[in-house]
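Morning, everyone. Please look at the model on the screen, and then we will walk through it.

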Amino acid sequence: MKVIMLGAPGAGKGTQAKKLAAKYDIPHISTGDIFRANIKNGTELGMKAKVYMDQGLLVPDELVVDLVVDRFKNPDCEKGYVLDGFPRTIPQAQALDTALEKNGDAVEYAIDVDVPDSSIIKRMSGRRACVGCGATYHLVTIPPKKEGICDTCGAELILREDDKPETVEKRLNVYHEQTQPLINYYNTKGILKSVDGTQDMDVIFNEINNIVES
Ligand code: AP5
Ligand code: MG
């Protein structure tokens with residue numbers, strides 16, 4: 001199963017992508033998580049990406065595409081994957097199509113998690129991310145058992161640098177300009193599915209399950 005999760009920053013792509021990947025035992029591939037891991041490890045890629053991420057801008061396509069296409073070569077991708085945060089521009093989507101077509105392959109579902117901008121701003125200020133395992137919490141909706149500490153691995157929870165309100169606004173503008181056109185791109189291909197991302201997380205997950213099982 002090859003699935004793309006689309007949606008604005010903070011729409012809940014990551015939350016749903018992790019659940020779907022766990023259920024189907026396929027990898028969850030988040031370009032944002034890959035960049036954050038590179039930043040944490042001080043790699044050259046991480047240092048380049050950080051400059052853009054901290055400003056709420058997209059990392060240039062040429063730094064993203066090969067990274068993802070290389071990731072597909074890993075044997076854990078044989079049964080498919082859930083892509084989260086990639087593609088994010090029309091050129092990335094075209095590059096993905098070309099890479100898959102070479103193997104007679106294609107994405108099966110592009111699932112748009114739809115949330116209005118006003119709800120996004122609220123969500124992002126409450127999000128806390130684990131520096132150890134990447135698990136995501138929310139101060140109001142999914143608080144950790146112990147404040148500031150990850151339930152899963154015990155590491156510290158932080159507010160992402162790019163979740164500060166002024167950067168979130170910038171990310172939303174970038175989303176509307178560069179990523180939202182993908183909705184039409186996948187609609188034209190006939191693989192777009194949309195879910196109302198303002199609902200309860202479990203309700204959304206049920207809807208996504210119905211889509212991929214239909
Ligand atoms: P990335 O890490 O992909 O960030 P993003 O798209 O901005 O999305 P987020 O991770 O912020 O949100 P999400 O939709 O995953 O929401 P989540 O599930 O956490 O990218 C970061 C940066 O990296 C980009 O800005 C860019 O610079 C760069 N980058 C990455 N990929 C790139 C690419 N392909 N090309 C170029 N640059 C790239 O949920 C959000 C919060 O809401 C959480 O606290 C969660 O608990 C809560 N929540 C989730 N669902 C619900 C619900 N139903 N009800 C209530 N609360 C909910
Ligand atoms: Mg995410």
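Strands here are DSSP runs of E with at least two residues, helices are runs of H or I with at least four, and both are numbered from the N terminus. Two strands pair if DSSP finds at least two bridges between them. What holds strands of a sheet together? They pair through backbone hydrogen bonds, parallel or antiparallel. Strand 5, residues 127–130, joins strand 6 over three bridges. One residue pair to find: Arg128 has Tyr137 in strand 6 as its bridge partner.

A word on the ground rules. This is a predicted model, where local features need pLDDT of at least 70, side-chain atom pairs need 80 or more, and totals for chains, interfaces and linings use all residues. Residues count from 1 along each chain as its sequence is written, chains are lettered from A and ligands numbered from 1 in the order written, and side-chain values use heavy atoms, without hydrogens or water.

Now ligand 1. How many residues surround it? The shell has 36, and the closest are Thr15, Leu57, Arg88, Arg127 and Arg171. To count as near, a residue needs a heavy atom within 4 Å. Helix 2 gives the largest share, four residues. Domain 1 (2–117 + 165–213) and domain 2 (126–163) both contribute to the shell, so ligand 1 lies between them. Those bounds come from an automatic or database domain assignment.

Next, polar contacts: pairs of N or O atoms within 3.5 Å; within protein, one must be able to donate a hydrogen and the other to accept it, and residues adjacent in sequence count only if both atoms are side-chain atoms. A ligand 1 oxygen is 2.6 Å from an N or O atom in the Arg127 side chain. Another contact pairs an oxygen of ligand 1 with a polar backbone atom of Ala11, at 3.3 Å.

Last stop: Thr188, in helix 8, residues 181–189. Buried or exposed? Thr188 is exposed, at 66% relative accessible area. The scale is under 20% for buried, over 50% for exposed and partly exposed in between, with a 1.4 Å probe and protein chains only. A polar atom of the Thr188 side chain lies 2.7 Å from the backbone oxygen of Asn184.
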